[in-house]
Amino acid sequence: MKKWTDKKWTPEILTDLVQWLEDAYPSEGCGLILENEKGQWRFQECENVADRYHKVDPVTFPRTSREFYMIDPREFMRAEDRGEKVAVIVHSHPDVGDYFSPEDIAAALMPRSSEEEKLEPLYPGTDYLVVSVRKAKADGASLFRFHEDNEKFARVARLNKEELRDKVSSKAVRAETVA
Ligand SMILES: [Zn+2]
């Protein structure tokens with residue numbers, strides 16, 4: 001498995017997203033990692049709009065933010081308007097681990113009209129980061145990527161609890177010191 005060595009995964013990016021996702025607990029939290037023209041990354045916090053859709057139409061959207069995430073489609077349009085590319089779609093799994101669920105896979109693929117049609121990603125070139133959060137603490141993160149050859153998403157990198165703590169600790173410790 002590929003090591004977590006890409007320079008863009010800075011402690012700042014990881015700290016920003018981990019704090020946002022821990023704050024969302026016990027709901028699923030979500031956000032986008034956006035890349036500017038210079039290739040720099042930043043984390044964009046996004047509201048999980050699952051509850052809003054559930055409230056309006058519980059038949060079509062039976063699941064709440066406790067087990068489901070939805071990013072407002074306008075977040076993607078706004079990023080495009082700013083000239084930013086969605087590099088990674090991020091969400092958390094409260095208490096169930098950092099795996100890519102059947103629902104996650106379905107949401108990441110283009111809808112098909114028949115079984116014979118090729119499986120294609122909804123956002124080509126965009127990866128998915130799933131962060132496991134237990135008792136409001138992130139304890140693992142996995143990156144998933146679509147592979148054209150077998151038309152499947154596969155885990156391409158993983159940070160365990162210690163590796164994740166190690167990367168987010170510096171800023172978190174500073175925040176604690178200030179408080
Ligand atoms: Zn998920």
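**Figure 1. Strands E1 and E3 run antiparallel and are joined by six bridges.** The view is taken from a predicted model. Within this pairing, leucine 32 has isoleucine 89 of E3 opposite it. Helix H3, residues 73-81, packs on the sheet and touches E1, E2 and E3. The direction of H3 makes about 15° with that of E1.

**Figure 2. Six strands form an open sheet with mixed pairing.** The strand order is E2-E1-E3-E4-E5-E6. At the edges stand E2 and strand E6 (152-160), each of which pairs on one side only. On average, neighbouring strands of this sheet are turned by 25° against each other, direction ignored. Strands of a sheet pair through backbone hydrogen bonds, in either a parallel or an antiparallel manner.

**Figure 3. The largest nonpolar core comprises 32 residues.** Val90, Leu129 and Val131 are the members that touch the most others in this core. Two or more core residues come from each of helix H1 (11-24), strand E1 (30-35), strand E2 (41-46), strand E3 (85-94), strand E4 (127-134), strand E5 (137-147) and helix H5 (161-178). In soluble globular proteins, nonpolar side chains tend to be buried together.

**Figure 4. Close-up of the contacts of valine 90.** Leaving aside residues up to four places away in sequence, valine 90 touches Leu17, Cys30, Gly31, Leu32, Ile33 and Leu129.

Technical notes
Residues are numbered from 1 along each chain as its sequence is written. This is a predicted model: local features need pLDDT of at least 70, side-chain atom pairs count only at pLDDT 80 or more; totals for chains, interfaces and linings use all residues. A nonpolar core is a set of buried Ala, Val, Leu, Ile, Met, Phe, Trp, Tyr and Cys residues joined through C-beta atoms within 7 Å. A residue is buried if 20 or more other C-beta atoms lie within 10 Å of its own, exposed if 12 or fewer, and partly exposed in between; C-beta atoms are placed from the backbone. Helices (H or I, at least four residues) and strands (E, at least two) are DSSP runs, numbered from the N terminus. Two residues are in contact if their C-beta atoms, placed from the backbone, lie within 7 Å. Two strands pair if DSSP finds at least two bridges between them. Axes are lines fitted to C-alpha atoms, for helices over the stretch in contact, and angles run from 0 to 180 degrees between N-to-C directions.
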